[in-house]
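Thanks for coming. I have one structure to walk through this morning, so please look at the screen.

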Amino acid sequence: MLPPWPAWLLLPFSWLYAAVLAVRNWLYDHGWKRSAPGWVPLVGVGNLRVGGTGKTPHVAWLVAELLRQGQRPAILSRGYGRQTTGPRLAAPTDSAATVGDEPWQYFEQFGALDVPVAVAENRQLGLDLLRQTHPELTTVVLDDAYQHRRVRPTLQILLTEFARPFYHDFVLPAGLLREARAGAARADVVIVTKCPPALTTAQQAELTAHVRRYARPEAPVLFSAYAYAPPRPLTAAAQAQGEPAAEVLALLLTGIAQPGPLREHLQTSGFKLVQEFVFPDHHAFTPADLVAVRRSWHPGQVIFTTEKDATRLLAPELAAALRSLPIYTIPVQVALLGDGAAQLRRRLPTEAGPVPL
């Protein structure tokens, strides 16, 4: 199977890139390059494909479950798109600009529950920072660290999207894979994300068979769907307008990798999308972007966005441009299908004391 024209012309470059990564992985697998364990159990969440597999809500599910078990988890991310460098612990004075949009979303969701959120390009340095500042931790969830092999997770979770599974994709630049499909063999659990809630047993078996060609036989293949909550007002204008009713005319404003599932949810819910403003993943919104939105918006209409985009829309320099725009976020959570939640819970590391210094 070849990628569509003209991407197949890039296959020689993909093979070269995949070969370089294969050598790198071989060096880690055979101990020539060091992969260090954590000072507490580590749960890695990542993917083979560039963006859009649903890492953020799955990390949130894991953290909520660890808290439910009485553990003291933390989150460690790279902090993609931030304007700072080096290890950093998120604090109330930070923002999406200083720690990245996804870490800031985690901090807003879990900060009040005493879940530390750290960012670091080098995850080992990030773990060192967490050890120094929060020795009481029992688990660290690594966000998007599947290819960051300087640290070795206790449990490695690989996500792959239902509509764009890794086994039908190719390595960059011919496709969107960060490494070859064989990288799935490092996973302890594989989750097929963004599935239809009514995914049948036969469909699950077919997807599992495809994944099994690359993943280890003992790694369970689980399935998850998105569960959307009602719209929440982001701006004062949205608070004044109240909860939008179905059939209302709406605009969609996103800067994420895959806005399709949200679009489908809004349309299924009865909202009439009249225009979409789709920006690249992690896009830093500007006043000019919001001026363009305002020109297309008419009184009585509403504007929907994601929680991740909201972290960047609330930047101080956008306050004037946001004024009087009724913008709502659509919160999303992960729902594991069948007995998937029970299977994943059984594989989470139990509370353990820190490794002695």
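I will go through the sheets, then the helices, then a few backbone details.

Before anything else, this is a predicted model.

Let me begin with the nine-stranded sheet. It is open, its pairing is mixed, and the order is E4-E5-E3-E6-E2-E8-E9-E10-E16. At the edges are strand E4, residues 88–89, and strand E16, residues 332–336, and each of them pairs on one side only. Helix H4, residues 101–110, packs on this sheet, where it touches strand E3 (73–77), strand E5 (117–119) and E6. The direction of H4 makes about 165° with that of E5.

Now take E6, which covers residues 139–143. Which strands does E6 pair with? One is E2, residues 42–47, which runs parallel to E6 and is joined to it by four bridges. In that pairing, glycine 44 stands opposite leucine 142 of E6. Another is E3, also in the parallel sense and also over four bridges. There, alanine 74 sits opposite valine 140 of E6.

Is E6 mostly covered or mostly open? Mostly covered: five of its five residues are buried. In a regular strand, side chains alternate between the two faces of the sheet. In E6, Thr139, Val141 and Asp143 point one way, while Val140 and Leu142 point the other way. Residues on both sides are buried, and that includes Asp143.

E9 and strand E10 (residues 221–228) run parallel and are joined by three bridges. Valine 192 is opposite phenylalanine 223 of E10. Helix H6, residues 201–212, lies across E9 and E10 and runs at about 125° to E10.

Next, the five-stranded sheet. This one is open as well, with mixed pairing, in the order E11-E15-E14-E12-E13. Strand E11 (232–233) and strand E13 (272–278) are the edges; each has a single partner strand, so one side of each has no neighbour in the sheet. E11 pairs with strand E15, residues 327–329, in the antiparallel sense over two bridges. Arginine 232 stands opposite threonine 329 in E15.

Now a helix pair. Helix H2, residues 55–68, and helix H12, residues 340–347, pack at an angle of about 65°, and their axes are 11 Å apart. That makes the two helices, H2 and H12, roughly perpendicular. The crossing of H2 past H12 is right-handed. Which residues make this contact? From H2 they are Trp61, Leu62, Glu65 and Arg68, and from H12 they are Ala341, Leu344 and Arg345. By class, the contact has four nonpolar residues, three charged and no polar ones.

Last, the backbone. Where is the cis peptide bond I want to point out? It joins leucine 172 and proline 173, with omega at about 0°. Proline 173 is in the loop between strand E8 (155–161) and strand E9 (189–193).

Two residues have a positive phi without being glycine. Aspartate 144 has a phi of about 60°. It lies in the loop between strand E6 and strand E7 (151–152). Its relative accessibility is 24%, so aspartate 144 counts as partly exposed, whereas the residues of E6 are buried. Glutamate 247 has a phi of about 80°. That residue is in the loop between helix H7 (236–241) and strand E12 (249–254).

That is the end of my part.

Conventions:
Residues numbered from 1 in each chain as written. Predicted model: local features only at pLDDT ≥ 70, side-chain atom pairs only at ≥ 80, totals over all residues. Heavy atoms only, no water. Axes fitted to C-alpha atoms, helices over the stretch in contact; angles between N-to-C directions. Parallel < 35°, antiparallel > 145°, perpendicular 65-115°, else oblique. Left-handed = near helix turned anticlockwise from the far one by under 90°. Contact = heavy atoms within 4.5 Å. Nonpolar A, V, L, I, M, F, W, Y, C, P; charged D, E, K, R; others polar. Buried < 20%, exposed > 50% of the residue type's maximum accessible area, 1.4 Å probe, protein only. Pairing = 2+ DSSP bridges.
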